[in-house]
Amino acid sequence: MNKTVMGIIIAVVVVAVAALLYYASAPPQQTTTPRQTPPATTSTATTPPTATTTQTTATTSPTATSTTSAAPSYKWTLIGMYIAADDKVVKGQPPAQQPPSGYLTPVIVDVKPTEAPNVVEIGVLQPLSGRLASLGELAAAAARLAEQDVNAYLTKINATFRVRVVVADTAADPTKALDQMKALHSRGVKFYVVRTSGEVRTMKPYADENKLVTISISSTAPALAIPNDYIFRLPPDDNKQVRAISKILQDAGVKAVVVIWRNDDWGNGLVKGLESLAQSRGFEVVRAATYDPQKGEFSTEVSVLAQRVRDAVSKYGADKVAVAAFGFAELQTIFITAAKYPELRQVKWYGADGSTGLKELLVPDAAEFAVAVGGFVSPKFAPARSPYYDRVRNYILQNYNREPDSYAYNAYDAIWLIAYSILQAGTTDTQKIQQIFPEVAGRYFGASGYTKLNEAGDRDSADYEIWAITKS
């Protein structure tokens with residue numbers, strides 16, 4: 001081989017090696033085929049095999065996640081009513097109502113509130129964090145709206161006092177609620193708007209001892225229906241709610257309802273009440289598991305629930321078995337855990353007022369399970385439709401873009417009831433207010449409707465809205 005040929009070969013080898021090095025280090029070229037982007041309305045499968053919803057993403061490009069379809073969205077939908085007087089469930093919404101002549105009502109006036117010699121502070125103790133925060137936020141908002149409306153009215157009539165709402169967070173923790181009450185009482189606050197049965201039970205001895213007028217907007221435990229104390233409750237107690245729940249179950253053809261519930265006054269009261277009506281409604285109640293509401297995970301309780309459901313299904317069939325889950329926002333975790341059990345997805349689930357309307361149950365993983373098990377049909381005390389109802393509803397929709405739960409209307413009315421009681425008594429002496437409050441409530445019609453109380457100081461009316469989680 002001569003030198004010329006050798007030189008040519010060496011040159012070819014050098015060029016080839018250089019080309020290989022260049023293409024190995026260069027970025028990959030984009031394909032010339034247009035990528036197909038799914039339309040915005042496309043969603044992932046609605047019944048994944050486990051609780052964790054996995055979003056489908058493309059693997060051909062690092063930017064694929066920005067073009068995936070929108071995740072499904074969920075909402076609470078009003079699907080019917082339980083009419084207590086007829087003991088029946090009907091579809092649709094309640095008709096509008098107007099108070100009879102002579103009733104006290106909110107009075108909405110276009111007057112700018114002015115100052116007055118006296119200010120009556122009202123402690124609004126609501127869960128602004130924790131498992132009921134989404135509902136506590138709306139109750140506090142409704143109370144602040146009432147503060148504005150009441151003070152405009154008091155200004156118009158030249159009253160010598162104004163009200164001031166003081167909001168404090170309880171996190172739905174009874175101990176923290178009592179601490180907040182004590183802190184506000186130390187600065188002279190004598191009127192309170194509070195929430196859950198657990199909080200009421202813990203605050204009650206202190207409220208009674210110190211004569212603090214305390215109005216609960218959502219406590220329903222029958223064990224707290226005690227006459228002549230300083231606790232007034234604007235919802236009806238759960239002896240009425242369990243009639244609604246048991247009728248819903250009866251109409252669904254349920255023969256066995258397997259129960260998982262919070263171990264507190266509210267949860268225990270619901271289970272006992274349901275058991276007392278089970279035979280007359282034609283089903284049996286199977287106690288599966290109670291739980292500490294402060295826990296963060298519930299795998300043991302859900303495992304027991306699954307076993308009890310398997311036993312009931314083997315006896316009656318899946319279409320005759322239901323789960324009743326009585327809890328608050330911790331049901332989000334319970335739903336996600338339960339979704340891993342096929343036997344828990346094949347029966348319908350039902351709830352109670354403590355979870356109805358919670359936005360925490362609308363997160364996709366929990367809501368997908370709720371929809372799969374029939375929407376988690378749940379009742380809640382029904383406020384009457386009226387212009388006062390509309391005022392609160394429209395205010396919260398405009399400012400929070402959410403449908404208020406029924407207890408927000410109670411919060412609004414609680415402020416008005418305190419103001420009217422002070423006006424009628426002519427004093428802020430809580431001993432006199434405690435005596436006159438039932439009379440005032442008995443002739444008041446507000447955002448929640450009639451507030452007539454029974455002998456225990458609890459609301460006497462008992463119709464319930466029926467809600468379910470739906471996919472929108």
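Among contacts in the chain (heavy atoms within 4.5 Å) between residues at least 6 apart in sequence, 76% join residues at least 24 apart. The model is predicted, with local features requiring pLDDT of at least 70, side-chain atom pairs counted only at pLDDT 80 or more, and totals for chains, interfaces and linings using all residues. Residues are numbered from 1 along each chain as its sequence is written, and side-chain values use heavy atoms, with hydrogens and water left out.

The chain holds 13 helices and 15 strands, taken as DSSP runs (H or I, at least four residues, for helices; E, at least two, for strands) and numbered from the N terminus. Of its 472 residues, 51% count as buried, meaning under 20% relative accessible area with a 1.4 Å probe and protein chains only.

Strand β8 (residues 256–262) is largely enclosed by the rest of the structure, because seven of its seven residues are buried. β8 pairs with strand β9 (residues 284–291) in the parallel sense over seven bridges; pairing requires at least two DSSP bridges between two strands. Val259 has Arg287 of β9 as its bridge partner.

Turning to the helices, the axes of α11 (residues 387–400) and α12 (residues 406–425) come within 10 Å and cross at roughly 115 degrees. The angle therefore makes α11 roughly perpendicular to α12, a class that spans 65 to 115 degrees. The contact involves Tyr389, Arg391, Val392, Arg393 and Ile396 of α11, together with Ala408, Tyr409 and Tyr412 of α12.

Conventions:
Axes fitted to C-alpha atoms, helices over the stretch in contact; angles between N-to-C directions. Parallel < 35°, antiparallel > 145°, perpendicular 65-115°, else oblique. Buried < 20%, exposed > 50% of the residue type's maximum accessible area, 1.4 Å probe, protein only.
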